[in-house]
Every structure is written in structure tokens, then in C-alpha cells.
Amino acid sequence: MTEQFADVGHGVTLAYERLGDGDTALLLVAGLGQQLHDWPGGLCELLVARGYQVIRFDNRDVGKSTHFGFPPPSPLDFLRKRWHTAQYDLSDMAADTVGLLDALELSSAHVVGMSLGGMIAQTVAARYPARVTSLTSIMSTTGAARVGRPALSTWRLMFGRPARTRTEHIERSVRMFRHIGSHGYPFDEHAVRAAAATTWDRDPHPAPGVGRQLAGILKSGDRTAELSAVIAPTLILHGDRDLMVNPTGGTVTAGAITGARLHTLPGMGHDLPVGVRPTLTDLIDTHIRSARSTDATHR
């Protein structure tokens, strides 16, 4: 499908794609620094084959969506939690997501988010309950202290020197995903290189936007209390080898949302390898069908 653009309000335009023509809308929210193609085409095809209309998009500050002009925090700013006056947070990114639903004339959708996208999806479900038919949060967390945190080795890679060229960006992505990827599955270096090349080609020099997105996460703090407002049927998915968001993040998210179900995926890290995609598809589809059944019963 051809990329399209939607004005979602507040001066933000989001790039998006719609895949499939099913009646049931499934909105995929990408993670930190990720673009719409980081929801792998193979996974999207599996979901479309189940009858879903799959919508994937670039969050603000990445890809072809609106980028902001203020400087990202320095490492010292992150340590001090000192943010630029224009710094946004997860509530702003959630408003973007709802704005996309508005632009697409969707009253609600089944919302699936991974990593940062899981945090955004959680925030949408908490603040806009009528817009979320079901919630699936993958490899994400609540922002609570001392849980769901990256390994120290991951922090070192995250705060390395930003890539200055396409080649550097690709090599940096390979190093990162060798580290945080799913060690229980084969490492597909070719796929990682191809995705990284697409990322650079769509948005050269992505580091400033990633820095602002990361600041948005940290500025939002602990959202545990807010998540008690989520009423959508919720599925929490987390790999047991995640070095970016420790599996404790999934545990506390499930505990924060009433009735949430936690499913741990053995061997999965902080990516979506080919081998796990059929299982993810089954889990998401079963969850959505259960949510539909529950909703019909309550009518």
C-alpha cells in the first residue's frame, strides 16, 4: 500500500499505511525510534490473512511524520531529568494516535503496541477508553522505577556516538539487535540490515528524534496509577530474554491493569523474529476474538 499522511492536530502530521480491507481495524503502534516498517511485513500479512485491516504508522519525530526542531536532551540532561520547555510526553503521543483514528474516521480500534508503542497504547486505553476495543502491549512497561529497565550493557549501546552515515547506521543497528534481539531464534542479519537501510532512507540522521522520544518516556514517569483506568480487555506479551525492557516490565504492567493476562514468550528478546510471528498472530487474534465475544455478551 502507498504511504499516506494524516493531520492529527496540534501541528502534527503522521505518515501511515492501511493494509487489507477487513472490517476490523487493528492499529499497530511502533517503538522507540521505530518506523512503520518495523512492524514486519510478514507479520502484517499474517494479520491481514485473519481478516484484519492493519494500520501502521510513524510516530512523531521519526520516519516521514512531523519532526520537532528543539534539541534533544544531552546525556547530562537525561541524568538530571531536565527537559526542554517544548518537550512532549506520552500523553501527547497518545493524542496523536487518537488523532489518527479521527482522521481515518474510526470510532475505535484494537490497539497493539510494542515497547514505546506499548506505552503509548496503554496511555490511549487509559485516557480514551471508548477508542480502544482491546489492548495488546508487547515488550513494554509502566515507567515504574527499578522494573522494566534496559540492561546496563544496553544503555552503553544506546548512548554511543550517533551514526553519521547510512553505513554507520546500518552497522550500529546490527550491533544493537545482535545484543537485544531474540537469542532463542536465529539472527537474521540480512533483515536487520534491510530494515536499517529503509529507516535511514526514509529519515536520515534519526538520532535527534529518538532522543526526544526517549525524553518523552522519562518525562512521563511512573504511569501505574493511570493504568488502573484501563477497561479494555488487555493482553501483555513479553519475551523472557529481553535486554531492552526487562521482563519485569511485562509483569508489573499486567498487575497494573485489572484483568490483564500475561503471556511470556520463551526465547524472544526485543524484536519480532520470523519464528515467533505465527505465535504472535495466534495470540493477538485469539485475544481480539475473546474481546469481541465478551463485548457481545455484555450488550
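Leaving out residues up to four places away in sequence, Phe68 touches Val12, Arg60, Asp61, Tyr88 and Arg212. The model in which these contacts are found is a predicted one. Phe68 sits in the loop that runs between β4 (52–57) and α2 (75–80), and its relative accessible area of 26% makes it partly exposed, because that value falls between the limits of 20% for buried and 50% for exposed residues. Phe78 is 10 residues from Phe68 along the chain, and the C-alpha atoms of the two are separated by 18 Å.

The protein contains 11 helices and 8 strands, and its C-alpha atoms fill a box of roughly 55 × 45 × 40 Å when the box is taken along the principal axes. For 299 residues, a compact globule would have a radius of gyration near 19 Å, and the 18 Å of the protein agrees with this. Of the 299 residues, 55% are buried, and among contacts with a separation of 6 or more, 76% are made by residues 24 or more positions apart. The protein exposes about 12900 Å², of which carbon and sulfur atoms supply 54%. As for charge, there are 30 positive and 29 negative charges in the protein, and their mean positions lie 6 Å apart.

A contrasting pair is Thr24 and Arg193, which are 169 residues apart in sequence and, from C-alpha to C-alpha, 33 Å apart in space.

His110 is buried, its relative accessible area being 5%. The side chain of His110 is joined to that of Ser134 by a polar contact of 2.7 Å. When neighbours within four places in sequence are set aside, the residues in contact with His110 are Thr24, Ala25, Leu26, Leu27, Thr133, Ser134 and Ile288.

The side chains of Arg18 and Gln53 make a polar contact at 2.6 Å, and Arg18 counts as partly exposed with a relative accessibility of 23%. Arg18 and Met176, by comparison, are 158 residues apart in sequence, and their C-alpha atoms are 29 Å apart in space.

The loop that lies between β3 (24–29) and α1 (41–49) holds Gln34, a residue that counts as buried because its relative accessibility is 17%. A polar atom of the Gln34 side chain lies 2.8 Å from the backbone nitrogen of Gly31. Apart from neighbours within four places in sequence, Gln34 is in contact with Val62 and Met114.

Most residues other than glycine have a negative phi. His10, although not a glycine, has a positive phi of about 60°, and its position is in the loop between β1 (4–9) and β2 (12–19). Met139, likewise a residue other than glycine, has a positive phi near 40° and is found in the loop between β6 (132–138) and α5 (152–158).

Which of the classes, buried or exposed, applies to His10, and which applies to Met139? His10 counts as exposed, because its relative accessibility is 69% and the exposed class is set at over 50%. Met139, with a relative accessible area of 2%, is buried.

Definitions and conventions. Residues are numbered from 1 along each chain as its sequence is written. This is a predicted model: local features need pLDDT of at least 70, side-chain atom pairs count only at pLDDT 80 or more; totals for chains, interfaces and linings use all residues. Side-chain values use heavy atoms; hydrogens and water are left out. Helices (H or I, at least four residues) and strands (E, at least two) are DSSP runs, numbered from the N terminus. Buried means under 20% relative accessible area, exposed over 50%, partly exposed in between (1.4 Å probe, protein chains only). A polar contact is a pair of N or O atoms within 3.5 Å; within protein, one must be able to donate a hydrogen and the other to accept it, and residues adjacent in sequence count only if both atoms are side-chain atoms. Contact means heavy atoms within 4.5 Å. The radius of gyration is taken over C-alpha atoms; the globule rule is 2.2 Å times the number of residues to the power 0.38. Accessible areas come from the Shrake-Rupley method with a 1.4 Å probe; for residues, only the protein chains shown count as cover. Lys and Arg count as positive and Asp and Glu as negative; His and the chain ends are not counted. The place of a charge is taken as NZ of Lys, CZ of Arg, CG of Asp or CD of Glu.
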